[in-house]
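Student: Could we go through this model together, one step at a time? I would like to see how each answer is reached.

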Amino acid sequence: MTRFTRWIRVTTIALLFIGTTARADIAIVINDASTVRQISHSEAVNIFMGRYRRLPNDSVALPIDQAPIKARFYRALVQKDMAEINSYWARLVFSGRASPPQQAGNSEDFLDIMTHNNNALGYVDAARTPPHMRVLLTLSE
Amino acid sequence: MKSLPILLMALLLACSAGAQAQTRLLDDRVTLSGFGTLGLIHSDQDRADFVRDTGQPKGAEKGWSARTDTRLGLQASVRLTDELDTVVQGMSQYHSSGDFSPELMLAFVRYAPDPGFQLRVGRLGWDVDLISESRYVGFAYPWIRPPVDHFGVLQLTYIDGADVTFTRPVGDDLVWARLVAGRSDSRFFMSDALEADFDAHNVLGGHLNYETGPWRFRAGYTRVRSEVSFSGGDADLIDQMFNIDANRYLNYLTGFDELQVYSLGAAYSSGPLQLQAIWNRDILADGDTWLDTGFVSAAWRMDRWTPYAMASGTRTHDSREDPIGSNIEQNTWSLGLRYDVTTHLALKAQFDRIHTRSPGLLWRGIDDGWKDDQSNLVSLGLDFIF
């Protein structure tokens with residue numbers, strides 16, 4: 001029993017370690033039916049920060065926030081934490097200038113929006129890119 | 001003042017509802033959100049009362065006051081189609097009616113057929129410089145309040161009209177421009193015995209913006225033509241003693257009926273550092289009198305803590321001998337600290353040292369001959385969004 005407990009503990013720690021190291025990058029993705037192949041970092045900032053939401057193929061970008069990894073994404077994109085991101089949006093929303101990205105509450109909602117809209121831009125853990133999604137830009141964490 | 005306890009209750013309820021994210025209804029078409037500030041201010045000045053802007057009829061006397069900075073705003077946004085949306089915002093704050101009665105701050109329809117173009121029609125914010133549109137949203141900036149030396153005078157609350165915005169990318173940078181036309185009503189309190197009602201029937205303006213990396217730059221120009229009516233004890237006195245039309249006389253002296261505002265601004269935000277600087281020149285009718293206002297601010301974010309420092313100043317240039325005592329010369333040093341309790345709630349503390357050489361319109365309850373004095377303010381604030 002003691003040996004079993006120790007094995008469980010070692011395995012858990014190993015898995016946690018693997019999980020930590022695997023959490024390396026975040027990928028900005030689009031439905032692979034889109035003609036867009038890649039975007040630059042400044043285009044990604046313009047789209048997700050509400051400055052200029054146009055895709056390289058000239059269509060209107062629809063950015064999607066995904067709650068579980070939102071904080072990691074904005075840290076990687078603009079080096080700001082969620083209080084700073086909310087402060088940024090408070091300025092734009094309450095002056096009626098722009099709206100933040102649409103929020104997907106969970107991964108099912110997220111996949112639903114992404115698969116039904118060729119202009120929807122989302123972000124995922126780079127190690128877990130869903131099928132039928134094309135990576136446009138990878139952000140290092 | 002009866003409504004202050006009600007507003008405070010509402011603010012506390014909003015806070016106790018938790019730092020919730022924006023409430024979204026009806027399949028994401030309707031968004032309800034809000035912002036607010038619970039502000040406390042302590043002044044050591046017993047010869048004049050501090051106001052946030054000239055729309056406030058009474059100021060913070062020596063001691064503690066919750067009136068100056070406390071406010072609550074509620075907003076509904078409705079996405080009608082992919083190209084059309086509408087925004088309505090109401091706000092309660094201590095303002096020119098002398099109470100916390102709510103005002104309609106935004107009510108517009110936006111047509112945005114393209115990321116490079118948008119048209120808004122209805123009630124819009126007063127967008128005269130980099131942050132004037134969002135000056136009531138405490139959560140959006142590090143300070144307790146935007147600098148009074150800059151935002152205290154000659155600011156309209158909103159514009160009823162239309163604006164168009166054009167945005168173009170230039171390489172990795174962005175250039176955007178906005179043109180606005182409309183009208184507005186505002187009431188300014190020039191002293192305890194003189195107030196000015198602005199029927200600003202012709203507001204025209206525009207600004208050009210350049211955004212590159214962490215930098216934002218803006219140059220703007222706005223012209224406001226108004227019918228100004230003066231009232232209060234001083235206006236009555238002019239009528240009676242000199243048997244002349246006080247409105248004509250005071251318009252002649254103040255030049256409020258035609259105002260031009262030039263503005264230059266820059267903001268930088270990268271990593272932990274935030275810098276902002278704005279300078280405005282408000283030119284009054286005859287062109288011989290103008291008001292320069294400006295500030296420089298630096299903030300440094302360390303995890304949840306953001307210490308900041310700001311210097312601001314305002315000065316009237318007047319070739320005459322300040323005929324009605326409205327000329328201002330003042331500068332302020334501010335030091336403060338913002339602490340983000342959650343991602344939707346921030347606590348702030350700020351110390352202001354104000355050197356008033358000539359109070360002009362910026363103070364209330366002024367003792368005769370008060371000038372060349374220092375005031376110390378301590379302010380505490382709780383800002384939230386939901």
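Tutor: Gladly. A salt bridge is a side-chain nitrogen of Lys or Arg within 4 Å of a carboxyl oxygen of Asp or Glu. This is a predicted model, in which local features need pLDDT of at least 70 and side-chain atom pairs count only at pLDDT 80 or more, while totals for chains, interfaces and linings use all residues. Residues are numbered from 1 along each chain as its sequence is written, chains are lettered from A in the order in which they are written, and side-chain values use heavy atoms, leaving out hydrogens and water.

Student: How many salt bridges are found across the interface of chain A and chain B?

Tutor: One salt bridge joins the side chains of Arg51(A) and Glu211(B), at 3.2 Å from N to O. Across the interface of chain A and chain B, the rule finds five.

Student: Which element gives the most to the side of chain A that touches chain B?

Tutor: Helices (H or I, at least four residues) and strands (E, at least two) are DSSP runs, numbered from the N terminus. On the side of chain A that touches chain B, at least two residues each come from α2 (41-48), α4 (82-93) and β3 (102-104). With eight residues, the element that gives the most is α4(A).

Student: Is Trp64(B) buried or exposed?

Tutor: Trp64(B) lies in strand β4 of chain B, residues 63-65. Buried means under 20% relative accessible area, exposed over 50% and partly exposed in between (1.4 Å probe, protein chains only). Because its relative accessibility is 53%, Trp64(B) counts as exposed.
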